[in-house]
Amino acid sequence: MKEVIHTPVPSVEEEEYHINMGPQHPSTHGVLRLVVTLQGEIVKKLKPHCGYIHRGMEKMCEKDTYPQIIHLTDRMDYLSAHINNHAVCLLVENALQIEVPERVKYIRTIMDELCRIQSHQLWWASFGMDLGGLTCFFYGLRDREKILDIWEESTGARFLQSYYTPGGLMWDIHPDFQKHTKEFLKYFRKKIKDYEKILSGNVIFRERSRNIGLMTKEEAISYGVTGPSGRGSGFSCDVRKHHPYALYDKVEFKEILYQEGDTLARYMVRMDEMYESMHIIDQLIDNIPEGDFSAKMKAVIKLPAGEYYQRVESARGDLGLYCISDGNKTPYRLKFRTPSFSNLSVLDHISRDLKIADLVAIGGSLDLVIPDIDR
Amino acid sequence: MASNIYDTFVASITQWIHSGLYNLLPPTWALIVELTIIGLVFLLFYALVGLFLVYAERKVCAFMQNRVGPNRVGLYGIFQTIADFIKLLMKELVVIKNSDKLLFTLAPFIVIIASFMAIAAIPFAKGLHAIDFDIGILYVIAVSSLGVIGVLLAGWSSNNKYSLIGAMRSGAQIISYELSVGMSLLTIIILAGTMQFSELVQGQEYGWFIFKGHIHAIIAFLVYLVASTAETNRGPFDLAEAESELTAGFHTEYSGIKFAFFFLAEYMNMFIVASIGATVFLGGWMPFHVWGWSGFNQVMDYIPPSIWYIGKTGFIIFLMMWFKWTFPRLRIDQLLTLEWKYLLPINLFNILLMAFIVLMGWHF
Amino acid sequence: MDLEKLKERVLTLVPEAEFEENKQFLTFFIPAGKLHATAMRLKEDEDTAFDYLFCQSATDMGKYLMVVYHMESTKLGHAIVLKVKTEDRQNPAFDTVCDIWRTAEFHEREIFDLLGIRFNNHPDLRRLFLDENWVGYPLRKDYQDEVNIVEL
């Protein structure tokens, strides 16, 4: 049955005009089209148009086996590739009640935290670039290369590694993994002070981000904004604390919360999270136990019939996998609850009555990754 | 006395050309030929300096960003800009359907002419300048203000929302900051007592104005640095061409040689404001002299005045490039707030104080 | 509030609710007509306080279409799952909950886009990912598309 759906034409008052930002635009990181209604320089309304990178992942998952789904989830939020894979592995392992070896848990936690640091490094690089400090881009990416080198050594790929499998890891880590990770931590602890001098301490940057894009805690909860964007408004939503997985109940780390809810708060949450991630890795890197890199799994993985929900904390927020299985080797339905999807929905609300330059700053502080929205 | 050896060198060449022409041709023709030669020399100078500045910016920015910059075309990439300009010359001149064609073509020329006229008054060495008005500084400020007309015309005639927004922002910015530039220069004019460029430089014989005028000259210099960066649309004040926000601002619709004109004019404007700053605050072509140390002064005189001039201008240009690649951008309202609520009152106060100090004789 | 009390509270609110055994969270099927009222009560009552809707999804279960609401309380820490279903495949419709949880706006648009379920009183119900003139709802099990789907 063919339905004709008329897109409502936004009403145009005197002196209002529309501007199209995207889908190709230097400051929307990915293919997102924003139709912004402006009155002079003030943003009156914002309509995001998604779907430019919709690949039909949920439909594909209905025909893919669980190990194959790992490769799909990599490409969903490509900056938290390891964490997305971790979600699928945990889903299968908890459903089948398999206990993975300690070594696997250590390595997975360390890799996840490295993933979080590298995602925040890229975020910082592009946030600085959007605001006009082009040098930040080069500094952020230069330091991120060190993490990518560590990954290339152990997993074989710099990006989109698909390293975890249900039951454990694809293969064991490189013998130099611990040494290189410790070198990286020592190096980055010095460099992050530079980041603070260039942006955090700069008066121009503070004026551009203080009191911009205010989001109260109730709004964050209602819109479902999680991750560093939600924690900048005081919404305590860290899945690692509330529903711990891997080794997060055994390491000591703080959940970073700021109460102001503006762009500067969201920025500071991410900067502090980089310190916390380094602290977590410090606690684990010297104690990786010996053992297998994978538990024994059957060749064909079939989840018993039922519904399963698995949550992990990706670099952007609360990633949820909702799986309905009917006992076959492919899920009947797999729904990805992605953090950027909910984070995008609040963009219209918090950028009312601000200027275009502020819109760019807010979009950068929410840290949207568009394939995460569109799947 | 300042550099005798080099003065005679420059004076003798100009004298030789002058007398040669007047001997060969009737007076009117000689005048015309002389003026044409000067014009051509300036055009060449303009083009060469522009070329060099573009290359310098790319190299300076590359080193700050931990990379190398152009290094393929020629030794250390020195011919990179020439390659860029050849490319720009060969690009298609896209004609916009509903634009005002006359204004569209005219806009880049106005910007170039404004900056060209300003270069004419600046002294590069003793006696080496095209014109020496006795209202030198006033002339330069007035003429560089003409550039804003070109910017506004470019934005308007492009028939494009983005260009219009960019041009309006740019126009507001330039007009606001001209006030600050003018007033900080006024502070030094009060100290020096003259607006003529050659007198200004001569007056700095026993110490540059930035040292003579101590605190107030330093304040004026800092205000001048900030205001001139803003006036040339550079550095943290480059909203008009903010690439990450609204494409390329007022010159979005320009391509090929016309875009090259805007690009060149931006670098030449930077050169002009740096030259004026160097001449007024840092002594122009006058070497670094200290009152009473005549031996030291003699040694300083051995370095040619043009080298001094280029060194000082280069230093200010380096500062401006440093600003651009370090700081994030200001928003339009923050920019205008900075001017009207902070720089302007500081300037007014500074002028009053400087006048008081000159009256009381409390300067060096 | 512990699970037994929560179960009783929901059954008091909606006596027709069907409780599902052996699920990860406390799960109820409720009749479509009572959806909005129940959701509102669950959010506003102080001892349930479900203010965070963390997942809204829909599935084509073959015989019926089902919408699943996963919600959590940030103050009290408990979680609950509400499900509604309809057997009407031509014109499935439920009440919107986006006046209760603003995150539902985008989730319901996605459900409408991929499964064709309408939501009454939604402020702006139109397709989210696919083109405006796309025919069909891809996540339904009977969706055929020779052009875009490659069957191996």
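Colleagues, the model is predicted, and local features are given only at pLDDT of at least 70, side-chain atom pairs only at pLDDT 80 or more, while totals for chains, interfaces and linings use all residues. Residues are numbered from 1 along each chain as its sequence is written, with chains lettered from A and ligands numbered from 1 in the order in which they are written.

I begin with chain C. Its open sheet has 5 strands, in the order β1-β2-β5-β4-β3, with mixed pairing. Strands here are DSSP runs of E of at least two residues, helices are runs of H or I of at least four, and both are numbered from the N terminus; two strands pair if DSSP finds at least two bridges between them. Because β1 (18-20) and β3 (52-60) of chain C stand at the edges with a single partner strand each, one side of each has no neighbour in the sheet. On average, neighbouring strands of this sheet are turned by 25 degrees against each other, direction ignored.

Consider next β5(C). With β4(C), residues 65-72, the strand β5(C), residues 79-86, runs antiparallel, joined by 8 bridges. C:Glu72 stands opposite C:Ala79. The two strands form a hairpin with 6 residues between them, and C:Gly77 in the turn has a positive phi of about 85 degrees. With β2(C), β5(C) pairs in the parallel sense over 4 bridges, and C:Leu26 stands opposite C:Ile80. Of the 8 residues of β5(C), 6 are buried, that is, 20 or more other C-beta atoms lie within 10 Å of their own, with C-beta atoms placed from the backbone.

Helix α3(C), residues 104-115, lies across β3 and β4 at about 5 degrees to β3(C). Such angles run from 0 to 180 degrees between N-to-C directions of axes fitted to C-alpha atoms, for helices over the stretch in contact.

How many residues of chain A are in contact with chain C? There are 27, facing 25 residues of chain C, where contact means C-beta atoms, placed from the backbone, within 7 Å. The largest share of the chain A side, 4 residues, comes from β7(A).

Finally, in chain A, all 11 of the 11 residues of helix α14 (356-366) are buried, among them A:Asp358 and A:Ser365. The helix is followed by A:Asp367, whose phi is positive, near 55 degrees.

Notes. Contact = placed C-beta atoms within 7 Å. Buried ≥ 20, exposed ≤ 12 C-beta atoms within 10 Å, placed from the backbone.
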